[in-house]
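I opened the notebook to keep track of what I looked up.

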Amino acid sequence: MSLLLWVAFPYVALASLVGGTVWRYRYDRFGWTTRSSELYEKRLLRVASPLFHYGLLFVIGGHALGLLIPEQWTSLVGSETTYHAVSLYAGTAAGLAAGAGLVLLVYRRRRTGPVFAATTRNDKVMYLLLGGALLLGIGVTTIENGLLGGYDYRQTVSPWFRGIFLLDPRPELMEGAPLLYRFHVVLGFALIALFPFTRLIHAFAVPVKYPFRPYIVYRRRTGTAPATRAARRGWEPVSRD
Amino acid sequence: MRVMAQLAMVMNLDKCIGCHTCSVTCKQTWTNRAGVEYVWFNNVETRPGQGYPRRYEDQEQWRGGWTLDRKGRLKPRSGGRARRMFTLFSNPLLPSIQDYYEPWTYDYATLTSAPLGDDFPVARPHSLISGEPMKVEWSANWDDDLGGGPDLARRDPVVERISDAVRLDFERAFMFYLPRICEHCLNPTCMAACPSGAIYKREEDGIVLVDQDACRGWRMCVTGCPYKKIYFNHRTGKAEKCTFCYPRVEVGLPTVCSETCVGRLRYIGVLLYDQDRVTEAASVEDDRDLYAAQLDVFLDPDDPAVRERARRDGVPDAWVEAARRSPVHALISKYQVALPLHPEYRTLPMVWYVPPLSPVVEALRDSGHDGEDAGNLFGAIETLRIPVEYLAELFTAGDTEPVTAVLRRLAAMRSYMRDVTLGDPADPGKAAAVGLTETEMGEMYRLLALAKYDERYVIPTQAAAEAAALEETACSVPGSGGLDGAAPVSGPFGEASGPPPTPTAENFHALKDRQTSGALTRPQDRRGRVNLLNWDGKGSPDGLFPGRDGDGR
């Protein structure tokens, strides 16, 4: 069970993330969009969307800080108590911002007729997972780290997480972590696994090139269209449709 | 100088009867799908009126187009690159569906399925957005023909810019129709605003398109475009826009809106422009200089230097030829009777308009004067400030001078041609008064009044351009010496080295040889080859048959 949850599942999720993204890029670039509903309703969106997205950006930044950077490195800069305070207060603030944004967005989605009509089952599953992961995330930050006095996940969860990427998985580290952490991690990886198959994929469309490209774009008429396959060498089976 | 070619359009507003045929055929062709129910790539607005989407011309509100920053450089009015990156998550400047209109259909089924009763069953409108029954309160041309009264028309942003004194009774003064498609600008803001870089301008014909596979639905283009002619498909989550019917124009057919135009008021043709000067022209300081600046960017295809340069920049000969015959070039640059729509947005639009003279003529007729008389018309253009000021706000950023000049030309043409038609002696003075010769007057009249299908639409095909490019890719067998008469191939490393001569060069030499040699075959041609195409069938030229002694002679 431990092996399944803390070794096999993360690798499957990551494979799904990478494979799914590649597949989507090759065969479904047309479906790769934010699927914005701003045309239907923009008053609530104006507040909720930036709140959620910026909150989430800070949450992701916090995860990078906590999971990827070893404890020895941060201890060179500041003490453990400083880190704990930053993680607790900044983490809670970011988490609450994202959470509040998400609540508003889901409320808007449910209450605005056209927006609800444009919501797919895929979206609902995604919102459930995202909301669950976010709630548990806020939970571990406030309950485990705040009310219960603090749990140093950088002794267990972080080395385990890094181990996955270093191809040195150590499932025994996760055994000792509190239940809330373990649930949060499982939901997080489930979200990662589904990521490329939901509307979340638009996060990979961040226009990083925009600040550096010229305003006016010229393109030649010819050229291979994207998402079409080049002819294979040799014989191809004749299609029968 | 870098010469580029673009397909452009001119619409003669005097001829528009507001029948909306262009809009309907365009909709049937391009936007009769779910997600774009509210979208009209082509729409016809009654002016004065609010337009579609409502009050789109109010850039204080929508912030479309470009503005100049403190250093005098162009910047999208809605914000530069950094601002756009930080406001990616919501775009308050996006018009909502209510600003366009909520599309609807009717519940036709009740007409046949309603139970028998005393009342007639009624098909009620249902929203295509939410599916709920709705009250229809606005549409793409709700204020058509000044419907809805002066209160609606008074909210026209252009009217609001005209001085109060003039504004008082404008609704009694005039009305005309303004068909609009995407402007396919030289300096489009939609493109500049697109974070994904999905909007591009085609090098070959200047058509602005959205790459549907690259668009990620950020909706910034809708904000960027001051004409609001790029739309968000709310089903697919992608931007869509007028395509200038590129599948049609590529094969030489006019766009659907032009093809079906009842008034035959649209002209399509090639314009040559200097790409290097586009940004410079778009950033001139005074809004009112933009019209002249854009005129200056266009190149004269009759100028040999321009033609030479165009060839070097890869503009196909067929396109340069088309540019010489282009009705659009004639109306814009030669006779200068066409004006750009809202040049003050600094996008350098490429769909131009011949402003209507009819408001002036009608005003004269209503006041009991002869509306065709040149003297009356000239006087009226000077004194009837309402239409002229309104047109100036539309076409020249408020500068009445170019509008007056155009209207005077049109008035002079009317009066001159009336003399001709009625059998009176033509008055060359009328042509000279507006800076035209009598021949030019006749040609302009023909173009504006009579032009037939192939004069209105001079559209070179892409196939012709491609064929010309392909010609040079064919190659003969290296070292074979090419065709008849061409010099044997001999590169720097001896026989058969170096590139083969191009077929056009070979054909050129072969043709020259045939045309300049008196003999059927050149006696000195020891290879004994005969060009059978040149053989008239008489006698037997040397080399046609092998010699009896076996040496080939």
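The entries below cover salt bridges, a surface patch and one serine.

**Entry 1. The model.** I noted before anything else that this is a predicted model.

**Entry 2. Salt bridges, total.** I looked up how many salt bridges there are over all chains. The count comes to 34. As background, I wrote down that side chains of opposite charge can pair when their charged atoms come close.

**Entry 3. A pair in chain A.** I picked A:Glu71 and A:Arg154, whose side chains meet in a salt bridge at 3.9 Å, N to O. A:Glu71 belongs to helix H3 (residues 71-77) of chain A, while A:Arg154 sits in the loop between helix H6 (121-147) and helix H7 (157-165), so the pair ties together parts that are 83 residues apart in sequence.

**Entry 4. Two pairs in chain B.** The side chains of B:Asp205 and B:Arg202 form a salt bridge at 2.7 Å, N to O. I found both B:Asp205 and B:Arg202 buried.
Next I took B:Arg324 and B:Asp302, which meet in a salt bridge at 2.8 Å, N to O. Helix H17 of chain B holds B:Arg324, and the loop between strand E13 (298-299) and helix H16 (304-312) holds B:Asp302, so this pair links parts 22 residues apart in sequence. B:Arg324 is partly exposed at 37% relative accessibility.

**Entry 5. A network.** I looked up which residues of chain B are linked in a network of salt bridges. They are B:Glu45, B:Arg47, B:Glu57, B:Asp156 and B:Arg180.

**Entry 6. A serine in chain B.** I located B:Ser326 in the loop between helix H17 (317-324) and helix H18 (327-334) of chain B. Why does B:Ser326 count as buried? Its relative accessibility is 2%, and buried means under 20%. Setting aside neighbours within four places in sequence, I found B:Ser326 in contact with B:Gly269 and B:Val270.

**Entry 7. A nonpolar patch.** On the surface I found a nonpolar patch formed by A:Trp23, A:Tyr27, A:Val125, A:Leu194 and A:Phe197. Together these residues have about 480 Å² of accessible area. I followed up on one of them, A:Tyr27, which lies in helix H1 (residues 2-27) of chain A. A:Tyr27 has a relative accessible area of 47%, so I recorded it as partly exposed.

Terms used
Residues numbered from 1 in each chain as written. Chains lettered and ligands numbered in written order. Predicted model: local features only at pLDDT ≥ 70, side-chain atom pairs only at ≥ 80, totals over all residues. Heavy atoms only, no water. Patch = residues over 30% accessible without salt bridge, like charges linked within 9 Å, V, L, I, M, F, W, Y side chains within 5 Å. Areas by Shrake-Rupley, 256 points an atom, 1.4 Å probe, with all protein chains shown as cover. Salt bridge = Lys/Arg side-chain N within 4 Å of Asp/Glu carboxyl O. Helix = DSSP H or I, 4+ residues; strand = E, 2+ residues; numbered from the N terminus. Buried < 20%, exposed > 50% of the residue type's maximum accessible area, 1.4 Å probe, protein only. Contact = heavy atoms within 4.5 Å.
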